[in-house]
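Please look over the sequence and the model shown below before reading the report.

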Amino acid sequence: MNTKLQQEQVRLDNVMGTIAEEVSRLEEETSRRKNEVVHIRKHFWDEVRVNIDTFDDYLETIIGLRQEAQALSVSQSTHRHASKRLSTLRRMEEVPYFGRIDFKEEGSSEQEQIYIGISSLRDASGENFLIYDWRAPISSVYYDYQPGPAKYETPGGTIQGRLEKKWQYLIRGGVLQSMFDTSLTIGDEILQEVLGKGTDKHMHNIVATIQQDQNRIIRHDQGRLLIVHGAAGSGKTSAALQRIAYLLYKDRDNLNAEQIILFSPNSMFNSYVSNVLPELGEENMQQVTFQEYLDHRLSKEFEVENPYGQLEYVLTAAHTSSYRARVAGIQFKASARFFEAIHAYMKSLELSGMLFKDIIFRGKPIVSSKQMAERFYSSDTSLRFHNRLEKLMDWLINRINEAEKAERNKPWVQEEIELLSNEEYHKAHAYLAKKRGFKEDSIHDYEIEPEALARLIVRKKLKPLRKRIRALRVIDFKAIYRQVFADPIQIKQWTEGEPPEEWADICQATLEMLDEGHLLYEDATPFLYLKEQIQGFQTNSSIRHIVVDEAQDYSPFQFEFLKRLFPASKMTVLGDFNQAIFAHASEMADFQPLAGLYGPDETEVINIARSYRSTKPIIEFTRRLVPNGERIIPFDRSGKRPELKQIADQAELHSCIASKVADLRSQGFKSIAIICKSAEESLRAYEALAGVDGIKLLKSNSTEYEQGVVVVPSYLSKGIEFDAVIIYDASEHVYGDESLRRVFYTACTRAMHDLQLYSVGEPSPFLKNVLREGLIQV
C-alpha cells in the first residue's frame, strides 16, 4: 500500500470511529425514546384528570390532554428522526464517502478538502465537517467541473474559486480498496465497476457516479416544468429519483415526501425503484400509475380498459376489420385537437345538451330528467355554469322536502312503523328524545310522537336521494359524453379541420362500448375531464411536485388533466420517443406539444444522449435500429456483439432458448429476460418453456420485479434492465411492420451485458442495416 493510500486509510479509520460512536449514541437514544412513547401511550389517561363539572375543571382537563398529546408528539418525532439518522449511518458504515475535491475559495490562501458521501457527518466537536452530503451546494463542484476555475451557488450568492484536484474512492466495508486522481467529470474506473455488475430486484442510488448532464437534472430548480428527453439507458429515471432526494434536502423545512407523486408505468416498476430514496436516507414519495387513478375515479361507473389492454389490441389485432378505425380513434382522442373539441363541447352545454337522470321514489318520479333540464336552462344565463348547477340542486332538495311532507301520511309509512324491530324502535326513540332535549338518564320519560316517528321514517328513506343530489349524481355524465359521438357530423362545430376519415366508424364503436358499460382506455381521460369540467375539478393543492416517468406514453390530453388536477405542483417529465410504443404517440418525435403546458418561460428541456446501461457493442447495435440513432453516444464498456440465430421452427426455437438460458446461468447472470412482442406471445413462450427451472411469467398485474428467468411482454419490460436479454422471435413474421420498430428497439435496449436474438424464418427488416454493417454476430 503506497503512502497516500495509507494516509487516506488512517483518515477513513477515524471517520469510521466517529460513525461507530454516533451509531452507539443513537441506538441508546432510539431505545430510550421508544420506551418513552410506549410509556406515554400506556399511561396516557393516568396522567390526565378528567373533570368537566365546571368550566374551570373542563379547561384544566383540556390543558392536561394537550400537554400529554404534545409530550407524545415530541417523543414520537424525536424517535422518528433518530431512527432515520441511525439507518443512514448504518449505510455509511459500508461506504462512508466516495469522492473528494480540493477547493480553494477566491481570496483564500488555503485549499479545503471536501469529502462527499450520501449524508453529512461532523466530528465530535460538531464544528468541522468530516463528510459533506452529496446534495450540499459545494458538492456540485465534484459533479460539474474538471480541475480549474469553478463555482457553486449558495443561498447567499455565488462562490468562486479553483478546483485543484478531484479524487474518487472505492471503499467497501470501511476498507479503502483504491483511489483515483481524475481530471474527468467522473472517472471511468468506478463507473465501469458499477455498470459491470449484475442487476438485482431493485434499482440503486447513483450518487457516486452522477454525470454532469444528470446533475443538471438533479439540481434544476427554475420554472414549473422540466422535460428530460434521454436515450434508453441514459440514467434519466435514476437522476429523477436523486432529484427528488435533492429537493427534499434543499427545501426540507417546506417539503416532505407526501407532497411528491411519482407516476410510473406499472406496479412492477414501483417495486423496482422503491429502494432508491430509502438508500439516501429519505422516505419514499407517493407512487401511483395513471391507470390506478382512473380506476379509483371511474370503476364504479364502467369497466375501464387499462393501457396494456389497449396496447395488446394494437400489437395483436392488425388482421381484424375494426383495427384501422380503433387505431385512428386512439390517436385522435389523445390529441390536443380532441382536447379542444371536448372543451368547446363543454362550452356548448351552457346553452343546451345537459342530460339528467329521473329522481324516482317508490317507483314514481319526484322530478323527471326533462324537468331538470328545463329548470337548468330557464335559470339566469348570466350566472356561471356551476352557479346554475348549484341553484338546480337547491331546487331539487326543496322538491325532495315537499315530497317528504306529502309522503308522511301515506299508508306505507304506517306499515314501515309496524315492521320496526325492537332494536330499531328503541334507536328511533332515543334519537327523537335527544332531539327533544332529553338527557341520557331521562330518555325513558320521553313518549314517542307518531308524527315525529313518521317524519323520521320518511326522512331516512329519502336520505339516499338527498345524498345523490348533493354529489351531482343526478347528472347523466355517460349520456352527455355519448352525445359527442351520437352524430358524427357534430364534431366539426367543436374543432377546426377534418376529423379522421374513419370518424363515423370510431363513433359507432365508441357508442357500442359505452352502451355495454365499457370505457376504452382512449376514452377514459376525455370522459373524466368532461365530468370534472361539469361538476368542478377535484384538485389536490397539497401536492408540490409530480414526476412522470415514461412520459412519451402519456397523451397531451392526459398532461392537461394532470396540470388541472395538481394546480400548485411543479412537474418533472422523463421520456424517450424512441420507446414511444403506444399508438397515440406513433407519429411523435419529441415533447414539443408539452411546451405550451406552462409556457416557454416556465419550461426547460434537457436532452441526454449518452447511454450507460448496455455494453458498447449492444448500444452500437440498438442505436442503428431507430432514426437519428447516431445521436446516441455509447459509454465505452467492452463486451461481445449481440447474436442472431435463424432457425426453422418453434420446436428448435424452444430447444435453443432452453440451452441459451443454461449457458447464461453458467456465466453467472442472475436476471435473464425472454422478451416477447405481446402478452399473447409471452403466454405461448412460457408454456413451451415450462421445463426451464424457475422460469416465471410477468403479467400486467404483476406487482414485483422478479429476478431469475422471466418471460415478459415488450411493453412491461420498459424502465427495467436485465443482465441478459433473449428476443424470443425477431422474425419478419413478428416484427415486419414499421409501426413495431420502437417496440423492437425498446425490447433490445433492456440488455446490460448479453443480447441474443432468435428468428423463426427470415429476420425482421429492422435488422437489415446492422447485418450489413457487421454489428450483430450471425
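Predicted model: local features only at pLDDT ≥ 70, side-chain atom pairs only at ≥ 80, totals over all residues.

Residues are numbered from 1 along each chain as its sequence is written, and side-chain values use heavy atoms, with hydrogens and water left out.

The protein chain contains 26 helices and 25 strands, these being DSSP runs (H or I of at least four residues for helices, E of at least two for strands) numbered from the N terminus. Its C-alpha trace spans about 100 × 80 × 55 Å along the principal axes, and 52% of the 778 residues count as buried (buried is under 20% relative accessible area, exposed over 50%, partly exposed in between, with a 1.4 Å probe and protein chains only).

The structure holds 41 salt bridges, each a side-chain nitrogen of Lys or Arg within 4 Å of a carboxyl oxygen of Asp or Glu. Three of them are tabulated here.

| Salt bridge | N to O distance |
|---|---|
| R90 and E27 | 2.7 Å |
| K84 and E282 | 3.5 Å |
| K461 and E416 | 3.9 Å |

K84 lies in helix α2 and E282 in the loop between α8 (276-279) and β10, so this pair ties together parts that are 198 residues apart in sequence. K84 is partly exposed at 34% relative accessibility, whereas E282 is buried at 13%. Both residues also belong to a network of salt bridges that links K84, D133, R135 and E282.

R750 is placed in the loop between α25 (741-748) and β25 (751-760). R750 is buried yet has no salt bridge, the nearest side chain of opposite charge being that of E550, 5.7 Å away. A polar atom of the R750 side chain does, however, lie 2.9 Å from the backbone oxygen of T746. Not counting residues up to four places away in sequence, R750 touches several residues, including R613, K718, E721 and F722, contact meaning heavy atoms within 4.5 Å.

Key. Lys, Arg positive; Asp, Glu negative; His and termini not counted. Polar contact = N/O pair within 3.5 Å; in protein donor to acceptor, adjacent residues only side chain to side chain.
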